[in-house]
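Here is a short report on one protein chain.

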Amino acid sequence: MNLSSGGGKEFDTYKELLTLYRSLLIIRSVKVFKVMETIDRSLFVTNATLAYVDSPMNIGHNATIPAPRTHAKCLELLKSNLRPGMRALDVGSGSGYLTACFAFMVGPNGRAVGVEHIPELAAFSTENIQKSPVAPLLERGSLSIDVGDGRLGWPECGPYDAIHVGAAAPEILQPLMDQLKPGGRLVIPVVRTVRGSSQQDLMVVEKCLNGSINKRCATSGVRYAPLTSCDAQLQGL
């Protein structure tokens with residue numbers, strides 16, 4: 001089976017799909033395997049019968065939940081900054097899946113924040129999380145889904161050890177850099193022009209303890225919806 005196409009067979013269990021990812025080195029760590037197995041994708045999609053397909057799924061309001069491999073890749077890139085007691089921000093939290101994973105990893109003494117600019121999606125993701133193993137963290141306030149413009153971050157709960165952006169930005173956003181702790185890591189898809197056409201790169205940005213910034217491309221040719229305003233997203237722009 002070719003999983004690189006973003007489609008393929010439906011698996012009977014999430015663990016079966018995750019085990020395949022591990023064999024393909026999409027998942028490389030026990031830590032990421034455990035969190036994804038614990039936070040079942042079927043709780044975060046609109047059609048649970050298709051939850052274990054290696055493909056994005058529409059969740060309404062011109063938004064999608066990414067393919068599980070995309071979540072695995074981002075968790076692998078951020079896992080060192082998602083230890084117990086740390087703080088994580090998920091911009092464009094959508095279904096709430098990755099925010100729930102962050103909360104599981106940072107634990108009750110940490111803080112996980114999802115920011116979603118479409119109120120209906122924020123409500124949808126909150127309902128999903130309430131069915132998941134991290135529901136108690138939502139109740140105690142160490143996990144939250146907030147409605148707002150994620151391009152501005154969520155400074156009230158910062159600074160953050162880990163920041164993830166779930167839509168493609170035209171540049172690395174300064175408000176997010178300002179809210180990143182020294183030693184913190186930002187994962188963000190960024191649009192660039194190559195020979196007159198647009199391409200997206202999944203960028204890893206690290207703020208060093210001395211304040212300097214390191215940037216690298218983790219993957220080229222990724223495909224994310226644009227990071228834009230609420231109105232533009234609802235209009236499909």
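The notes below start with the model itself and end with the cysteines.

## Model

This is a predicted model, where local features need pLDDT of at least 70, side-chain atom pairs count only at pLDDT 80 or more, and totals for chains, interfaces and linings use all residues. Residues are numbered from 1 along each chain as its sequence is written, and side-chain values use heavy atoms, without hydrogens and water.

## Fold

The protein chain holds eight helices and nine strands (DSSP runs: H or I of at least four residues for helices, E of at least two for strands). Its radius of gyration is 17 Å, close to the 18 Å from the globule rule for 237 residues, so the chain is as compact as a globular protein of that length. That radius is taken over C-alpha atoms; the rule is 2.2 Å times the number of residues to the power 0.38.

The C-alpha trace spans about 50 × 45 × 35 Å along its principal axes.

## Burial and charge

Of the 237 residues, 51% are buried (under 20% relative accessible area; exposed is over 50%, partly exposed in between; 1.4 Å probe, protein chains only).

The chain carries 24 positive and 21 negative side chains (Lys and Arg against Asp and Glu; His and chain ends are not counted).

## Cysteines

The disulfide count is zero (a disulfide is a pair of cysteine sulfur atoms within 2.5 Å). The sulfur of Cys 157 lies 19 Å from the closest cysteine sulfur, in Cys 101, too far for a bond. Cys 157 is buried, at 10% relative accessible area.

Cys 217 is in no disulfide either; the nearest cysteine sulfur, that of Cys 74, is 12 Å away. Cys 217 is partly exposed, at 35% relative accessibility.

Conventions:
Charge placed at Lys NZ, Arg CZ, Asp CG, Glu CD.
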